Amino acid sequence: MKLRTAVLENRFVRLEPFEDHHKEPLRTACDADPELWPTFYYTSLGGDRFDAGWETLRAQQAAGSRIPFAVVHGGEVVGLSTFMDIRPGDGAVEIGTTYYRPSARGGVVNPAAKRLLLDHAFACGVGRVAFQVDAINSRSRAAMTKLGAVEEGILRNHLVTWTGRVRSSVIYSILADEWPAVRAGLDARLESFRAAD
C-alpha cells in the first residue's frame with residue numbers, strides 16, 4: 001500500500017489537497033453551521049477554533065500522517081474530508097473529519113466525494129477503509145449504511161470531545177473485495193444525479 005497525495009476529480013466534485021489558499025474559503029464553509037461542531041464532532045473547526053484546527057491538519061499533512069482535502073463543488077470550497085490513521089503495514093486507512101456546509105448536504109457532494117476517496121484508496125493498494133461515526137449522529141450513520149459500509153460495532157465511551165462530552169463511536173468498514181459492489185451502488189446513485197441534470 002502506498003497512499004499517494006493527488007487531486008481527485010469527477011463530474012460533481014474536486015478534492016484538492018490542502019494548500020494555503022484553501023484556508024479562508026474553508027473557514028467560511030465551517031462557520032456556516034456553528035451548532036453542528038459541539039453536537040457531533042470530537043474536535044472543532046468552527047469559530048475561534050478554526051485556526052488551531054487548520055494548523056493541526058497542515059502539520060499532520062506535512063508529517064504524512066493525514067491527507068486533508070478541500071471539497072470543491074460548483075467552484076466553491078464546501079467542506080473537507082481526510083485520509084487519516086494511515087497504516088501502510090496493515091494496508092489500512094480511515095476516511096474521516098468530513099464536514100460539508102449545510103447547502104452541500106443531502107445531495108451529490110458526499111457520494112461523489114466518497115466515490116473518489118474510496119477509488120483512490122483501493123487503487124493505491126489499501127485493503128481496508130474504515131469510518132468512525134458518533135453513535136448519536138443518526139444522519140451520518142444512515143449515510144454509512146446507504147454507502148454500503150459494514151457496521152462492525154460500537155466503541156463505547158471511546159473519545160472525549162472538545163466540549164468534554166464522552167462519545168461512543170460506531171465503526172464501519174469497506175474491504176477491497178467489497179469495493180466493486182459498493183462502487184456499483186455509488187455509480188448508480190451518481191448516475192441518478194447525472195440524469196437529473
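The second largest pocket is lined by Tyr42, Thr43, Ser44, Leu45, Arg49, Ala52, Gly53, Thr56, Leu57, Gln60, Arg66 and Thr97. A pocket here is an open set of points on a 1 Å grid over the protein atoms alone, with protein on both sides within 12 Å along at least five of seven lines, a 1.4 Å probe being used, and lining residues have an atom within 4 Å of a point. The model is predicted, so local features need pLDDT of at least 70 and side-chain atom pairs count only at pLDDT 80 or more, whereas totals for chains, interfaces and linings use all residues. Residues are numbered from 1 along each chain as its sequence is written, and side-chain values use heavy atoms, with hydrogens and water left out.

Helix α3 (residues 50–63) gives the largest share of the lining of the second largest pocket, 5 residues. Helices (H or I, at least four residues) and strands (E, at least two) are DSSP runs, numbered from the N terminus.

In the classes, Ala, Val, Leu, Ile, Met, Phe, Trp, Tyr, Cys and Pro are nonpolar, Asp, Glu, Lys and Arg charged, and the others, Gly among them, polar.

| Pocket | Volume | Lining by class |
|---|---|---|
| Largest pocket | about 940 Å³ | 19 nonpolar, 10 polar, 8 charged residues |
| Second largest pocket | about 170 Å³ | 4 nonpolar, 6 polar, 2 charged residues |

The largest pocket has a volume of about 940 Å³. Its lining comprises 37 residues, of which Thr98, Asn110, Asn137, Ser140 and Ala143 are the closest to the centre. Elements that each supply at least two residues of this lining include β5 (92–100), α4 (109–123), α5 (138–147) and α6 (179–196).

The protein chain as a whole contains 6 helices and 8 strands, arranged from the N terminus as β-β-α-α-α-β-β-β-α-β-α-β-β-α. Its radius of gyration, taken over C-alpha atoms, is 16 Å, which agrees with the value near 16 Å for a compact globule of 197 residues; the globule rule is 2.2 Å times the number of residues to the power 0.38. The C-alpha trace spans about 40 × 40 × 35 Å along its principal axes.

His21 lies in the loop between β2 (14–17) and α1 (23–30). His21 counts as exposed because its relative accessibility is 57%, the cut-off being over 50% with a 1.4 Å probe and protein chains only.

How values were computed
Grid points are joined across faces, edges and corners, and a volume is the space filled by probe spheres set on the points. Buried means under 20% relative accessible area, exposed over 50%, partly exposed in between (1.4 Å probe, protein chains only).
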